[in-house]
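Welcome! Have a look at the model first, then read on.

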Amino acid sequence: MGSMKKLVGGLLLLLASSVTISVLLAISSLTPNCTQVDFYKTQDRYSSWGSHRLAIIVPFRDRFDELLQFAPHIHDFLNKQKIKHTIYVINQVDKLRFNRASLINVGHILSRKDCDYIAMHDVDLLPLNPKLNYSYPENGPFHVASPEYHPKYHYSTFVGGILLLTKEQFELCNGLSNRYWGWGLEDDEFFARMKEAKFNISRPQNINSGIHNTFRHLHDRTVRRRDTARLFNQKEATRKRDRLTGLADVQYELVSTQHITIDQAPIILHNVKLICNYSLTPWCEHKSGNTKKTL
């Protein structure tokens with residue numbers, strides 16, 4: 001019995017050591033950069049990269065494993081295209097349900113002084129084909145993650161994953177609806193906004209890759225379970241065009257801002273608390289109400 005206890009104790013110690021090593025390795029790749037310098041302005045070799053500046057807006061919560069892969073990958077990918085950019089991670093730190101659309105609205109507000117166009121970018125979708133173009137979309141929104149090439153979503157009106165817009169295009173749509181707490185449908189509503197604004201949405205063409213090798217999708221459904229609950233009248237309300245909410249009325253508190261570097265990729269991390277309008281969207285948190293789950 002004593003030897004069994006020693007064996008179990010040894011295994012637990014080994015497991016704890018492995019976890020500690022994993023955490024330390026992750027932390028070692030995160031370097032605080034509190035006095036982050038705009039290296040595009042400090043080095044002459046970037047002068048030929050043009051005047052535009054892209055804000056990569058990443059709506060975020062509890063995805064640090066993915067972020068450790070995403071940040072250095074997208075930073076290197078865009079540098080190879082000579083795209084001046086800043087990565088903004090908009091981290092939702094409140095107790096409400098995740099609201100991707102509102103976080104993107106906040107990201108636009110916090111980045112618009114320094115950048116003239118944005119990429120609404122999922123943290124778990126990595127571009128692989130170098131022909132995927134992130135340049136300034138002066139002729140209208142450019143959907144990088146086209147349904148023709150996305151590893152999962154293939155319906156014709158899909159505009160999620162990675163979408164580029166100028167600041168002016170995003171503002172003409174009044175950003176995204178703030179009604180979408182939980183997972184899904186906010187991109188479909190934004191498609192309706194862009195069409196109503198009479199934008200011509202373009203997509204990659206003839207890039208010589210397919211759904212299996214254009215992007216790398218990091219999402220693991222068994223580990224990252226999506227919040228698909230439908231509370232109160234959420235299902236009915238979120239399947240209609242929202243003409244009440246958007247960029248102009250998103251409510252939030254900026255808790256703190258951190259400048260970090262992951263494997264030489266500089267990031268601005270904004271910790272944000274979203275504020276819910278309970279009379280308009282009582283489904284913003286999990287509490288009493290009719291609940292349905294969908295796949």
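Setting aside neighbours within four places in sequence, Asp187 is in contact with Arg100, Met120, Val159 and Gly160. Keep in mind as you explore that this is a predicted model. Asp187 sits in helix α6, which covers residues 186–196. Is this residue buried or exposed? Asp187 has a relative accessible area of 11%, below the 20% cut-off, so it counts as buried. Its side chain also makes a polar contact with the side chain of Arg100, at 2.9 Å.

Within it, Glu186 and Arg100 meet through their side chains, 3.0 Å from N to O. Because Glu186 belongs to helix α6 and Arg100 to helix α4 (residues 100–111), this pair ties together parts that lie 86 residues apart in sequence. Glu186 and Arg100 are both buried.

| Salt bridge | N to O distance |
|---|---|
| Asp76 and Lys80 | 3.2 Å |
| Glu186 and Arg100 | 3.0 Å |
| Glu171 and Arg112 | 4.0 Å |

Glu171, in helix α5 (residues 167–172), and Arg112, in the loop between α4 and β4, are 59 residues apart, and their pair links distant parts of the chain. Glu171 is partly exposed at 36% relative accessibility, and Arg112 is partly exposed at 34%.

Asp76 and Lys80 are about one helical turn apart, because they are 4 residues apart in helix α3 (residues 64–80). Asp76 is partly exposed at 40%, whereas Lys80 is exposed at 65%.

Conventions. Residues are numbered from 1 along each chain as its sequence is written. This is a predicted model: local features need pLDDT of at least 70, side-chain atom pairs count only at pLDDT 80 or more; totals for chains, interfaces and linings use all residues. Side-chain values use heavy atoms; hydrogens and water are left out. Helices (H or I, at least four residues) and strands (E, at least two) are DSSP runs, numbered from the N terminus. Buried means under 20% relative accessible area, exposed over 50%, partly exposed in between (1.4 Å probe, protein chains only). A polar contact is a pair of N or O atoms within 3.5 Å; within protein, one must be able to donate a hydrogen and the other to accept it, and residues adjacent in sequence count only if both atoms are side-chain atoms. Contact means heavy atoms within 4.5 Å.
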